[in-house]
Amino acid sequence: LIAALPDKVTEDNAEDVRGQLDEILALFSVLTEDEQEQIDLSRCYELQGALDGANDPAPITESVEYQEASWDGSQVTYESKTETCTLVENSAEAVTWTAGWYAVSGTVTIDQPITVTGAVNLILTDGCDLTAAKGIVVTDGNSLTIYAQSENGGTLNATGMTDDSGNASAGIGGSTSSVDSGSITIHGGVINATGGASNGYGGAGIGGGTPSSGNGGNSGVIKIYGGTITAESRGTSAGAGIGAGIGGGGGGSIGDGGDGTNIIIYGGSITATSHSDDSGGAGIGGGSGQMNGGTGNITIDGGTVHATGGRLGAGIGGGSGGSYYGTKSGDGNVTISGGTVTAMGGDYAAGIGGGGGFQSTSSFGTLNITGSTGTVTISGGIVDASSPTDVFYKGYEGAPIGNGGNTTAAATVNKTTGIVFENGAGTVCGDVTLDGSYTVPGDYTLNIPAGASLSGSGTLSGGGTFTTENLTEDMISVPEDWHYTGE
């Protein structure tokens, strides 16, 4: 009877197949347990699944407008488009999105993981609120592209999960079983992504997952054009396998942190943080590992970026190595050509660049974590980078931009154009045209050295002391009821 079953269910044979399956299962039920073990029902299950799927209600579809962003080499531009989408519905069960277009309208909650298969496009309509209670799984070889009807028009909240073995998934990205992330692109929307947290381990907010044992997940290509994105990673206790806010996942037991590769930010407002009590990942870049930290490869062309690394992790760049087993923190390769960037490294780490390291002697013997180098190019924007100066092991402080602590290697830092603050000391690099407004923190200084210039219609306010080595009269704006004497 099983051999007589057709290869597939069609509209014409569905009723016949259903009758054949009922007859087979009725006969199967009266066999002894030993006899049942000799019968292969896989074809029956496959055809039954096809029959059940044919009876499922057709998905609800709707024509939805959205904004597609692109980068023209100097700014983000948007084009209005329309696509027929499957509407996302509430679900208490796990959900799989196959290749195609989906849209969220109203308030929707999915209690179990959402798995992306193939190239999936998601539109957040204005005012919608999607909660992915156990994260959105986008593993290597798959992709998720998120659009909105306006830059901050809809909200997505995604929180990663942990399994019984202690593996942690990303908020959006790697899973508990397949930790490398696929490609993730964000055109707009309000995105809040938090990595899953296990005992001492944590997946990236957006990027790689974290195994309980072995190397952390690498991020795929991550592109952000716009929207308001908050991405965080954390562990539930002190540990050395914490993922980046955006980038690589944390490494598990005796494993390296995942790499944050090909992270490109064109615009938007981004806040990325790695929280840790022990060794942490970068805010944007590599995850931390019990062995070596992950590396970071990041390009920022625009937007407003705030990045804070965990302990020993760079604000933007490499993740830290483990406190007890690690030998090296991750390197950072960072290019900034526009936007407003604020980055703070963890203890001993660079704000932008390499992860930190330290050396000490304890009951564990000599602990030696070598800090790593950074290759940083800044060709535009406003950059505020800092690293802790009040650290326990004096002399191992990381640079605001460049190397992490405890390394003698030379970082490569090129600051050609932009306003760059390093631990509160600002410098105008090259010829800068400021069109927007920026509030300088109250205790900061800013110097315009000889050979550099600051012009444009923008406004700098706040700050402590502004100095210049080439002051001219046309740089000074005097209130109308004051008299300028030239002094």
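Biologist: Why is Glu33 called exposed?

Modeller: In this predicted model, Glu33 has a relative accessible area of 60%, and exposed means over 50%, buried under 20% and partly exposed in between, with a 1.4 Å probe and protein chains only, so Glu33 counts as exposed. Glu33 is found in helix α2, residues 33-36, where a helix is a DSSP run of H or I with at least four residues and a strand a run of E with at least two, numbered from the N terminus.

Biologist: What makes Glu33, Asp34, Glu35 and Glu37 a patch of negative charge?

Modeller: These four residues gather on the surface; patches are made of residues with over 30% relative accessible area and no salt bridge, like charges being joined within 9 Å and nonpolar side chains (Val, Leu, Ile, Met, Phe, Trp, Tyr) within 5 Å. Asp and Glu count as negative, Lys and Arg as positive, while His and the chain ends are not counted.

Biologist: Which residues make the nonpolar surface patch?

Modeller: Leu471, Ile476, Val478 and Trp482 make that patch, of about 400 Å². Ile476, in the segment after β40 (465-468), has a relative accessible area of 36% and is therefore partly exposed.

Biologist: Why is Thr176 counted as buried?

Modeller: Its relative accessibility is 16%, which lies under the 20% limit, so Thr176 counts as buried. Thr176 is found in the loop between β12 (172-173) and β13 (183-186), and, leaving aside neighbours within four places in sequence, it is in contact (heavy atoms within 4.5 Å) with Met161, Thr162, Asp163, Asn167, Ala168 and Ser169.

Biologist: How do you know that Lys81 forms a salt bridge with Glu68?

Modeller: The closest N and O atoms of Lys81 and Glu68 are 2.6 Å apart, and a salt bridge is a side-chain nitrogen of Lys or Arg within 4 Å of a carboxyl oxygen of Asp or Glu, so the pair qualifies. The pair links Lys81 in strand β2 (residues 76-87) with Glu68 in strand β1 (residues 61-71), 13 residues apart.

Conventions. Residues are numbered from 1 along each chain as its sequence is written. This is a predicted model: local features need pLDDT of at least 70, side-chain atom pairs count only at pLDDT 80 or more; totals for chains, interfaces and linings use all residues. Side-chain values use heavy atoms; hydrogens and water are left out. Accessible areas come from the Shrake-Rupley method with a 1.4 Å probe; for residues, only the protein chains shown count as cover. The place of a charge is taken as NZ of Lys, CZ of Arg, CG of Asp or CD of Glu.
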